[in-house]
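Keep the sequence at hand.

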Amino acid sequence: MNLKINKKKFIYLISPNKVPKNFYKNLKLIFKTGKVSFFQLRLKYYSLKQKIIIGKKIRKICLKSKVKFIINDDPMLTLKLNADGCHIGQKDMNIRKAKKLLGKKIIGVTCHNSINLAKKAIKAKASYIAFGAFYPSSTKKTRYVASKKVLDKVRKLTKTPIVAIGGINPNNYKKLLLNKANFLAISGYIWKNKNYKPLQAIERLK
């Protein structure tokens, strides 16, 4: 699927690993800011049944707010929830198999810091390609470090939308937007922020 790029809606919001109290209320408030293009459901500690219950609630909120609902690592759950698409890591289902399952749905691919992986994803017609981590992250262990040079090289190769991920906050996010990233994937800064509530945190990204 070809994605429309709206510079005002530059945030690709990823769920916390565990759904906290007031999560749905906070999600609605965040979406009202008009800054979020995608919401990815990434739940590591829930059963399939729980994921479906949570996913159905989120899908309704995403539909109402015109935010694309993406499932992490699980094309079958994407189908069960009729989500807008799926994000695939390098150890997950092959993009070609995922395309056969999901048809015209969005399929994003993790490329870490690799131009070679990006070329493969582009050739397979990924909807977007994701790179990172650009900065130290509290959400996931940083196994791969990406630099702004990677963004420059990839942008010369393709017009496929680029998602940047890893430790993004108000002090560094503009550098990535100015260096060819179309969307910024954010999780910990919103959901684990000790200084700001989720709505306040996202409002600082102007």
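Predicted model: local features only at pLDDT ≥ 70, side-chain atom pairs only at ≥ 80, totals over all residues.

Residues are numbered from 1 along each chain as its sequence is written, and side-chain values use heavy atoms, with hydrogens and water left out.

Start with the helices. Two packed helices are described by the angle between their axes and the distance between the axes. Here axes are lines fitted to C-alpha atoms, for helices over the stretch in contact, and angles run from 0 to 180 degrees between N-to-C directions. Helices (H or I, at least four residues) and strands (E, at least two) are DSSP runs, numbered from the N terminus.

Helix 1 spans residues 23–31 and helix 2 spans residues 48–65. Their axes cross at roughly 20° and come within 10 Å. Helix 1 is therefore roughly parallel to helix 2. Angles under 35 degrees count as roughly parallel, over 145 as roughly antiparallel, 65 to 115 as roughly perpendicular and the rest as oblique. The crossing of helix 1 over helix 2 is right-handed. A crossing is right-handed if the near helix is turned clockwise from the far one by less than a right angle, and left-handed if anticlockwise.

Which residues of helix 1 and helix 2 meet? Helix 1 brings F23, Y24, L27, K28 and F31. Helix 2 answers with I54, K57, I58, I61, C62 and S65. Contact means heavy atoms within 4.5 Å. By class, this contact of helix 1 with helix 2 has eight nonpolar, one polar and two charged residues. Ala, Val, Leu, Ile, Met, Phe, Trp, Tyr, Cys and Pro count as nonpolar, Asp, Glu, Lys and Arg as charged, and the others, Gly among them, as polar.

Now the second pair. Helix 5 (residues 115–123) packs with helix 6 (residues 148–157) at an angle of about 30°, with their axes 11 Å apart. So helix 5 and helix 6 are roughly parallel to each other. Helix 5 also passes helix 6 in a right-handed crossing. I115, A118 and K119 of helix 5 make the contact with V150, K153, V154 and L157 of helix 6. Five nonpolar and two charged residues take part in the contact of helix 5 with helix 6, and no polar ones.

Turn to the interior. In soluble globular proteins, nonpolar side chains tend to be buried together. A nonpolar core is a set of buried Ala, Val, Leu, Ile, Met, Phe, Trp, Tyr and Cys residues joined through side-chain atoms within 4.5 Å. Buried means under 20% relative accessible area, exposed over 50%, partly exposed in between (1.4 Å probe, protein chains only). The largest nonpolar core has 56 residues, and L13, F31 and F39 touch the most other members. Another core, of 11 residues, lies apart from it, with I14, F38, A130 and F183 among its members.

L3 lies in the segment before strand 1. L3 is buried, at 16% relative accessibility. The C-alpha atoms of L3 and T160 are separated by 8.5 Å, though 157 residues apart along the chain. Not counting residues up to four places away in sequence, L3 touches F38, I106, S127, Y128 and P161.

F10 is also in the segment before strand 1 (11–14). F10 counts as buried, with 5% relative accessibility. From F10 to F38, 28 residues apart along the chain, the C-alpha separation is 8.8 Å. Beyond its neighbours within four places in sequence, F10 contacts K35, Y173, L177, N182, F183, L184 and L205.

L41 sits in strand 2 (residues 36–41). At 4% relative accessible area, L41 is buried. Residues up to four places away in sequence aside, L41 touches partners including S15, K51, I54, F69 and L81.

Finish with the backbone. Where is the cis peptide bond? It joins G132 and A133, with omega about 10°. A133 is in the loop between strand 6 (128–132) and helix 6.

N22 is not a glycine, yet its phi is positive, about 65°. N22 lies in the loop between strand 1 and helix 1. N22 is partly exposed, at 46% relative accessible area. K125 also has a positive phi, near 65°. K125 is found in the loop between helix 5 and strand 6. K125 is exposed, with a relative accessible area of 63%.
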